Amino acid sequence: MARFEILMPKMGESIIEATITKWLKNEGDKIGEDEAIVEIATDKVDSEIPAPLEGILVKKLYNEGDVVPVGQVIAYLSIDGEENDFKSTETEPSKEISIHASTENQTVQSQENTSEESSLTRFYSPLVKNIAKQENIPLSELEKVPGSGKDGRLTKEDLMVFLQNKSPLIQTTTKQEVNHISQPTVNQQKETTKIESPVVSALAGDQIIEMDRMRKLIADHMVMSKRISPHVTSFIEVDMTPIVLWRNKNKDLFEKREGEKLTFMSSIIQATVKALKDFPGVNASVNDYKIILRKSINIGIATALPNGNLIVPVIKQADEKNLMGLQKSVNDLANRARINKLQPDEIQEGTFTITNLGTFGSLTGTPVINQPQVAILAVGTIEKKPVVLETPEGDVIAIRHRMIMSLSYDHRVVDGGMGGQFLKRAADYLETFDINQII
């Protein structure tokens, strides 16, 4: 019988293993080419493994919940239509790899862990759980550790930093530093106290919907961001008329030539990147009392998914792309995000995020900062408005295309002056857009 090995795929340089969350096919099932076989999860993203060839799934080597190294065989596919019993001929995964307990004591421990995990608000990879277990850190304690992964997910690096500093929020300082920052340290100590959510009872006729895992991660990430960063939001109204006229002139030609939509987002990203170069303090992160100015400009684009959840794919090195490159990146990442085809590396290392509220008809909003970044830009819908314009002959009233932009920023490191200047600079770049440029 001809067989084909299904491997745990490589999903980025930083990903060395993944968890099998759900088998979509059973042994004996006939599977078409490119049909999904199994769902997997890492610290960063969920994904599916498709069948590279048409065949029959004859053997699954791992169970749901197992953690599997990249490159490991997870199943066998028969490609000649025959079904054989692999149990007597194939070697099961080694005990070192499997996370399932075999002894009675391990079974009892597993039941205890299951009970504890039912109260968790976010997903933890087996790698993170194993490290926590070795360090005698209860899972409930992990809930207090801010995560830098997708939707606040706790990564191995986050946990190692926590172990090194003994606290998720309080860093070890010298005596000289304490003299200058004693009050903030006290405030940080208060932040470590877990705030319990109020108990809410359902009333007659109410419908109760359990959050899916991704929504729980989003909820946890939003709460963490508001707790970590003191948010301030500034607003500005932008004259988008030059960009509207330029897009109207080029969109049909672009779609015919490239087979893709030409959107306003590429121009907005380009203006944002220029402003970030002018104000590097907005392209930054905070580590304790240190400000990290990012060398790369990696723009995250908040993308709504069909199930109502949210994901933020990242355009890496956005400052090195022209309008064509930015538009291609936006279309590609957004399309693959909606069909769950993003790779883990494509949602990591963002340094600044843009969210388009105008897609849903909103004039503006006050977005929540995507940690560990220090600012997020929101753009609203573009509308025609009567505006007073100054001309050499005097003031006139004209119809212009206007858009409100808002910038939420972390007031620990971005003050109103820097936030306002950055927002004004981005608006200036949009309003002076070259209407004659070619894409």
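Does glutamate 349 count as buried or exposed, and at what relative accessibility? At 58% relative accessibility, glutamate 349 counts as exposed, because exposed means over 50%. The model described here is predicted.

**Backbone points in loops**

Glutamate 349 lies in the loop between α9 and β16. Although glutamate 349 is not a glycine, its phi is positive, at about 65°. Aspartate 34 is not a glycine either, and has a positive phi of about 70°. The loop that holds aspartate 34 runs between β3 (30–31) and β4. With 56% relative accessibility, aspartate 34 counts as exposed. The table sets out these two residues.

| Residue | Phi | Relative accessibility | Loop |
|---|---|---|---|
| Aspartate 34 | about 70° | 56% | between β3 and β4 |
| Glutamate 349 | about 65° | 58% | between α9 and β16 |

Another loop, between β16 (352–356) and β17 (375–379), contains proline 372. The peptide bond that leads from glutamine 371 to proline 372 is cis, and its omega is near 5°.

**Strands and sheets**

Four strands form an open sheet in the order β5-β4-β2-β7, and their pairing is antiparallel. At its edges are β5 (46–50) and β7 (67–69), each of which pairs on one side only. From one strand to the next, the twist averages 40°. Within this sheet, strand β4 (residues 36–41) is joined to β5 by five bridges, and the two run antiparallel. Isoleucine 40 stands opposite serine 47 of β5.

Strand β6 (residues 55–60) has six of its six residues buried, so β6 is largely enclosed by the rest of the structure. β6 pairs with β3 in the antiparallel sense over two bridges. It is also joined to strand β8 (residues 73–78) by four bridges, again antiparallel. Isoleucine 56 of β6 takes part in both pairings: it is the bridge partner of lysine 30, and its own bridge partner in β8 is serine 78.

**Helix α7**

Helix α7 covers residues 241–258. How far apart should its ends be, at 1.5 Å a residue? The 18 residues should span 26 Å, and the end C-alpha atoms are 24 Å apart, which agrees. After α7 comes glycine 259, with a positive phi near 70°.

**Nonpolar cores**

The largest nonpolar core has 54 residues. Those with the most contacts inside this core are Ile269, Ile299, Phe352, Ile354, Met405 and Leu430. Helix α8 (residues 265–278) gives the most to the core, with seven residues.

What does isoleucine 354 touch, not counting residues up to four places away in sequence? Its contacts include Met265, Ile268, Ile269 and Thr272, together with Ile299, Gly300, Ile301, Ala302 and Leu377.

A second core, of 22 residues, is separate and includes Met8, Ile49, Leu61 and Val68.

Technical notes
Residues are numbered from 1 along each chain as its sequence is written. This is a predicted model: local features need pLDDT of at least 70, side-chain atom pairs count only at pLDDT 80 or more; totals for chains, interfaces and linings use all residues. Side-chain values use heavy atoms; hydrogens and water are left out. Two strands pair if DSSP finds at least two bridges between them. Axes are lines fitted to C-alpha atoms, for helices over the stretch in contact, and angles run from 0 to 180 degrees between N-to-C directions. A nonpolar core is a set of buried Ala, Val, Leu, Ile, Met, Phe, Trp, Tyr and Cys residues joined through side-chain atoms within 4.5 Å. Buried means under 20% relative accessible area, exposed over 50%, partly exposed in between (1.4 Å probe, protein chains only). Contact means heavy atoms within 4.5 Å. The expected span of a helix is 1.5 Å times one less than its number of residues.
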